[in-house]
Amino acid sequence: ALYPVIMAGGSGTRFWPLSRQARPKQFLPLASKLPLITDTAARLKGLSTVKNTFIVCGPLHAKAAAKLVKGLPKANILVEPVARNTAPAIALAAVHVAARDPKGIMVVLPSDHHVADVPGFKRTLEEAARIAEGGHIVTLGIQPNRPETGYGYIQVGDALSGGGRSVKAFKEKPDTQTAKAYVSSGEYLWNGGIFVFRADVILAAFEQHMPEMKKGLAALSKAAGKRTFGPVLKKVFPKLPSISIDYGVMEKASNIAVLPGDFGWSDVGSFAAIPEVRPADENGNVISGASAVVVDCKGCVVLADKRPLAVVGLTDVVVVDSGDAVLVVPREKSQDVRKVVEALKARK
Ligand code: GDD
Ligand code: MG
């Protein structure tokens, strides 16, 4: 069976003032009227059941996650006592899936991405699951269109007999110069951050490539599905290394396969990406909120709250009112919004 695992622990500081500590990016309705996490779960319909779906998140967000993904059994919300990045988050899900079904296929998904072509996405995941059955760690590869430094890059190798392509190298978050060289070489795909593997395969990979997790994983595996799990988790989880699956496993493992996919993927990285995932008007403006007034603007993103928000005569500017805070930023500087959060933190 397929076991979707939705990772929902990220903070998304680039969406201030809409995102706050208690309401990170995945809980915002950025791509549709529904929060990204709700869209993420809905996209999986037909592929698996809510009974087999897990969400991994922190204690602050467990309630919101339960509310936004309808019908999910409470036991399937796995709460990390502290955030330890994606390798431990995936390990936590893997011990639960393995306890039910050791060779169960996990489909690990970020909670905060957008997919335009849902049927195409599902077909790709089904093929990835078939490849994963043979023991590969499968990642979905996306055709790059810019030297983005926030992504992982996959150097694509030969076709594998069981489907997908072999991986010559995996490089997480290269610097700009390296990213440029990768994109112009034509040999690389972006790592989509969506992974498919058997529970036993990823647990073995953790043991092999992150031996510092071995003891903790053994304790968690032993307690999985039992009453004692809570206390064991509290004791063990904070001691796991804080590292992403990309650095911890993907850069090191040799049994990786990449499955190229073209399904209108966007990781909605900042306000600048909103026009990629939401319909714009004839001037390329994305406007949300009945109280927004936009005059003579081009390529703007205007997100209003209840009070009137008027924007006049601007090109490629983001204006966001969250009700208690306002952001104005040129679209191409949208990445720098995280600096606002840093500045506000430093002030406290
Ligand atoms: N439960 C949990 N706990 N979830 C987490 C944690 C954690 O400690 N840290 C991050 N997440 C969730 C985020 O909410 C997000 O949905 C997903 O895991 C990926 O984390 P990001 O922090 O967004 O990773 P990234 O964007 O820097 O990089 C990853 O995604 C890129 C594509 O968007 C990597 O896999 C890259 O290689 C990839 O290109
Ligand atoms: Mg991300």
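Phe 206 touches Ala 91, Met 213, Leu 217 and Val 249, leaving aside residues up to four places away in sequence; two residues are in contact if their C-beta atoms, placed from the backbone, lie within 7 Å. The model is a predicted one, in which local features need pLDDT of at least 70, side-chain atom pairs count only at pLDDT 80 or more, and totals for chains, interfaces and linings use all residues. Residues are numbered from 1 along each chain as its sequence is written, while chains are lettered from A and ligands numbered from 1 in the order in which they are written.

Phe 206 belongs to helix α6 (residues 199-209). Helices (H or I, at least four residues) and strands (E, at least two) are DSSP runs, numbered from the N terminus. Phe 206 is buried, with 24 other C-beta atoms within 10 Å. The term buried applies if 20 or more other C-beta atoms lie within 10 Å of a residue's own, exposed if 12 or fewer, and partly exposed in between, with C-beta atoms placed from the backbone. From C-alpha to C-alpha, Phe 206 and Arg 146 are 32 Å apart in space and 60 residues apart in sequence.

Ile 6 lies in strand β1 (residues 2-7). Ile 6 counts as buried because it has 26 C-beta neighbours inside 10 Å. Not counting residues up to four places away in sequence, Ile 6 touches Ile 37, Thr 40, Ala 41, Ile 55, Leu 109 and Ser 111. A separation of 9.6 Å is found between the C-alpha atoms of Ile 6 and Ile 77, which are 71 residues apart along the chain.

**Strand pairing**

Two strands pair if DSSP finds at least two bridges between them. The following pairs are described.

| Strand pair | Sense | Bridges |
|---|---|---|
| β7 (residues 152-159) and β8 (residues 165-172) | antiparallel | six bridges |
| β8 and β10 (residues 256-260) | antiparallel | two bridges |
| β12 and β14 (residues 301-303) | parallel | three bridges |

β7 and β8 form a hairpin with five residues between them, and Gly 163 in the turn has a positive phi of about 105°. Val 156 has Val 167 in β8 as its bridge partner, and Arg 165 is bridged to Val 258 in β10.

Val 286 stands opposite Val 301 in β14.

**Domains and ligand shell**

The domain assignment, which comes from an automatic or database source, gives domain 1 (2-266) and domain 2 (271-347). Their C-alpha centres lie 30 Å apart. Across the interface, 10 residues of domain 1 are in contact with 16 residues of domain 2. On the side of domain 1 that touches domain 2, the residues divide into six nonpolar, three polar and one charged. Here Ala, Val, Leu, Ile, Met, Phe, Trp, Tyr, Cys and Pro count as nonpolar, Asp, Glu, Lys and Arg as charged, and the others, Gly among them, as polar.

Ligand 1 is surrounded by 25 residues, of which the closest are Gly 9, Gly 10, Pro 110, Gly 152 and Gly 193; a residue is near a molecule or strand if its C-beta atom, placed from the backbone, lies within 6 Å of it. The shell around ligand 1 divides into nine nonpolar, 10 polar and six charged residues. β2 (54-57), α3 (86-100) and β9 (188-198) each supply at least two residues of this shell, and the largest share, three residues, comes from β9.
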